Amino acid sequence: MDRADVLLLDLPALRARALSAGLSEDLVNHLDRDALIEELRGRAAAPRSQSGSSPSFVTSTSPPAAAEPWTMLDLEEPPETYDELACEALPRDPRWLFVYWEAPERDIAEARQRLGSPDARLTLRLFVLVTAPDGIKRHLRDVEPGWAHGRRYLEIGRPGAQVRVALGVRSPEGLFAPLCESQAVRMPWSEAGAPTSENQWLEVRLDGASGRPRLLSWPRGITKGTIQVGSVLPDWLKHLGFDNTPSSSRRA
Amino acid sequence: MSGDVCLVLHAHLPFVRHPEHKYHLEENWLFEATVATYLPMLEVLRGLLRDQVPHRLTMSMSPPLCSMLRDDLLKTRTAAYLDRLVVLGERELERTAGDPAFAPLAHFYHDRFRRLRGLYDSIGGDVVRAYSELQEQGSLEIITVGGTHGFQPVLREATSRRAQLEVACDSYARCFGRPPRGIWLPECGYAEGVDQLVADAGLRYFFVDAHGVGFARPRPPLGLHAPIYTHSGAAAFARDTESGKQVWSSKEGYPGDAAYRDFYRDLGFDLPLDVIGPFVHPDGIRVHTGYKYFRVTGGDVDLAHKQPYDPGLAAQRADEHAAHFVAARGDQMDTLSHQLPRRPVVVSPYDAELYGHWWFEGPTFLDRVMRRAAEQQRFRLATCPEVLDHDPVQAVADPCPSSWGDGGFAGVWIDGSNDWIYRHVHRAETRMHDLVRKHPHPTDLERRALNQAGRELLLLQSSDWAFIMKTATAVRYACDRVKAHLSRFRRLDRELVAGQVDAEWLADLESRDNLFPELDHRLWS
């Protein structure tokens with residue numbers, strides 16, 4: 001936030017910026033990204049020239065800031081793998097799904113044996129359910145991840161879909177033996193839903209004794225109909241107690 | 001009054017506490033925010049009460065923030081930080097004596113920090129209690145925040161999702177002496193099913209970004225300016241984009257005005273180290289001191305050519321911007337009330353630290369907004385419970401999975417810079433659940449180890465680490481925090497499985513990662 005100008009730069013660009021700012025090549029090549037940002041920030045914060053109205057007390061700029069001396073207690077590098085089956089999916093946005101997986105060699109071998117196919121390849125199988133006006137559509141897609149463990153982004157391209165990913169092996173004939181599967185996740189929608197005439201309304205009041213919210217029944221039997229901007233039904237509003245806006249704002 | 005405006009400030013900092021270091025750079029986040037935001041906002045709210053100005057403000061205060069604000073070590077360090085600011089002010093009075101441009105500014109800051117030091121003393125260093133007392137006066141609604149700011153869309157285990165909310169409510173009750181009525185979901189992060197957790201925790205409402213309601217299914221008939229009820233009965237309020245932009249936008253927003261104080265130009269970077277040395281990192285690393293003598297001057301003006309700050313001019317501009325904000329909300333209400341069949345609601349949430357820390361004049365702006373709002377009749381300032389009490393019948397819809405991060409979804413927290421953490425976080429979630437199930441009758445030592453494992457997991461789940469990695473601000477620190485909490489958790493896991501908990505190491509860990517002392521591991525059962 002306070003270093004927005006240099007934060008957007010990748011490491012080569014940061015190095016180029018640092019060289020042009022007068023840092024030695026040796027220093028630049030030895031600093032990591034954080035340290036380069038700190039260095040550039042320190043230089044940017046220091047006045048480069050004294051204007052007429054700048055304070056005379058600013059007498060010098062800082063020496064190059066050292067990286068923070070660092071010791072974090074109990075610090076260990078996390079393991080590369082856990083030697084356990086894993087497959088999980090997280091929606092990143094309406095179109096893209098983040099997936100990570102891990103398949104120990106013994107599990108892959110066992111699945112190949114089950115299939116009777118020593119050439120079966122590790123596969124991420126995507127099950128995508130899309131609710132369409134004419135019913136639920138099922139889509140299935142296979143992706144070969146290439147490695148026994150890793151993470152990647154998969155384009156689902158179907159906002160609002162429900163997605164589950166299975167990790168398994170697939171034979172050249174197309175037979176699939178699952179090893180494990182992710183939880184089912186919902187991709188976010190990317191646009192507003194279609195206007196509907198099937199709105200439901202709920203009344204919630206505080207429970208006098210507990211002070212907790214208490215759901216009342218769907219209010220006064222009204223579960224259908226439309227209340228939309230610019231096409232309001234005045235009787236409904238009155239019935240629901242919404243009668244608090246100027247009449248000129250409504251039209252039936 | 002044609003509608004309601006709900007002003008919401010979200011106050012949160014990640015849990016940063018390093019008793020093993022005499023000085024720790026990242027602890028400054030708390031000290032700076034306390035001095036720049038939490039104490040000045042306290043002054044503003046007390047001033048409004050003193051002057052009997054009717055007002056309403058909602059503040060979320062996260063459990064890690066409350067833990068730090070109440071921690072004895074950090075309170076001592078905060079007081080020492082304030083002392084250093086006062087001493088620096090005394091030196092600045094001497095150094096700038098006779099300088100017509102900067103001597104008044106040295107006086108301005110010296111007076112300010114002395115006043116804030118006095119305020120901190122007068123509340124016994126207990127900022128949380130001071131805010132709690134304000135809540136009891138009725139104008140301030142304090143709500144809770146998900147546990148350690150865990151971003152719900154990336155948590156996997158149901159027990160972990162639930163634990164984040166249960167911890168939030170428990171922590172709140174211990175701090176504020178009553179159960180919370182609403183919750184700020186970290187990063188406004190909503191995923192399917194979170195609404196049920198909110199309702200199960202006895203909470204009435206939460207917030208989502210505009211498209212969380214705008215893309216809800218079925219389409220909410222009243223649009224963005226009315227809450228919706230989810231099927232669980234919890235209400236979701238949508239962030240209003242128009243009022244947000246006026247403050248948030250770096251280009252169009254108020255904080256970019258030329259008269260306002262510049263954040264970046266600071267004595268910590270301007271003065272030679274032999275002068276400023278005692279007030280920056282002991283190893284000579286330059287840091288912000290809070291003494292900032294220049295104003296924004298202009299969007300394209302580089303740091304060297306900033307002009308001296310004029311506090312009087314800036315306060316005047318804050319008042320003008322407050323007048324503009326209030327008038328704009330009035331206009332917005334007029335428009336909305338002609339479009340909607342009921343009383344519209346405009347929800348304007350902001351990071352609390354924007355007010356004061358980033359935007360120095362922010363607390364003054366809010367003060368003026370509330371005073372001016374009290375003098376007009378086009379809208380009223382309200383809290384969300386007041387809105388729900390007024391209109392207990394709302395349309396039902398499922399919010400869209402969303403966040404208030406860049407792009408509106410999970411892209412900030414699921415990115416090439418940080419996605420490596422989730423395999424480890426999820427495995428730890430599963431292990432925590434398993435450990436608790438396998439220790440139904442733990443010994444006292446095992447119970448403490450299980451509780452500490454829960455603390456380490458909660459700290460591991462903080463959304464701040466992924467955010468910092470994405471924004472590349474203090475990446476090494478964030479990465480190391482993830483690795484450290486993970487390795488602590490894994491060691492506890494190994495020792496519990498082996499039945500050989502290292503009591504000495506556990507006690508040391510309990511003293512360092514000491515938030516939520518009452519935590520109960522059975523939350524993960």
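Predicted model: local features only at pLDDT ≥ 70, side-chain atom pairs only at ≥ 80, totals over all residues.
Residues are numbered from 1 along each chain as its sequence is written, while chains are lettered from A and ligands numbered from 1 in the order written.

**Exercise 1.** Work out the strand order and pairing of the open sheet in chain A.

*Solution.* 
- Strands are DSSP runs of E with at least two residues, numbered from the N terminus. Two strands pair if DSSP finds at least two bridges between them.
- Read the order. The 3 strands of chain A run 1-2-5, with antiparallel pairing.
- Find the edges. Strand 1 (86–91) and strand 5 (149–155) of chain A each pair on one side only.
- Count bridges. Strand 2 (residues 96–102) of chain A is joined to strand 5 of chain A by 7 bridges.
- Locate one partner. Glu102(A) has His149(A), in strand 5 of chain A, as its bridge partner.

**Exercise 2.** Compare the radius of gyration of chain B with that of a compact globule.

*Solution.* 
- Apply the rule: 2.2 Å times the number of residues to the power 0.38, with the radius taken over C-alpha atoms.
- Compare. For 525 residues a compact globule would have a radius near 24 Å; chain B has 23 Å, so the two agree.
- The C-alpha trace of chain B spans about 70 × 65 × 45 Å along its principal axes.
- Check burial. In chain B, 57% of the 525 residues count as buried (20 or more other C-beta atoms, placed from the backbone, within 10 Å of the residue's own).

Note on methods
Helix = DSSP H or I, 4+ residues; strand = E, 2+ residues; numbered from the N terminus. Buried ≥ 20, exposed ≤ 12 C-beta atoms within 10 Å, placed from the backbone.
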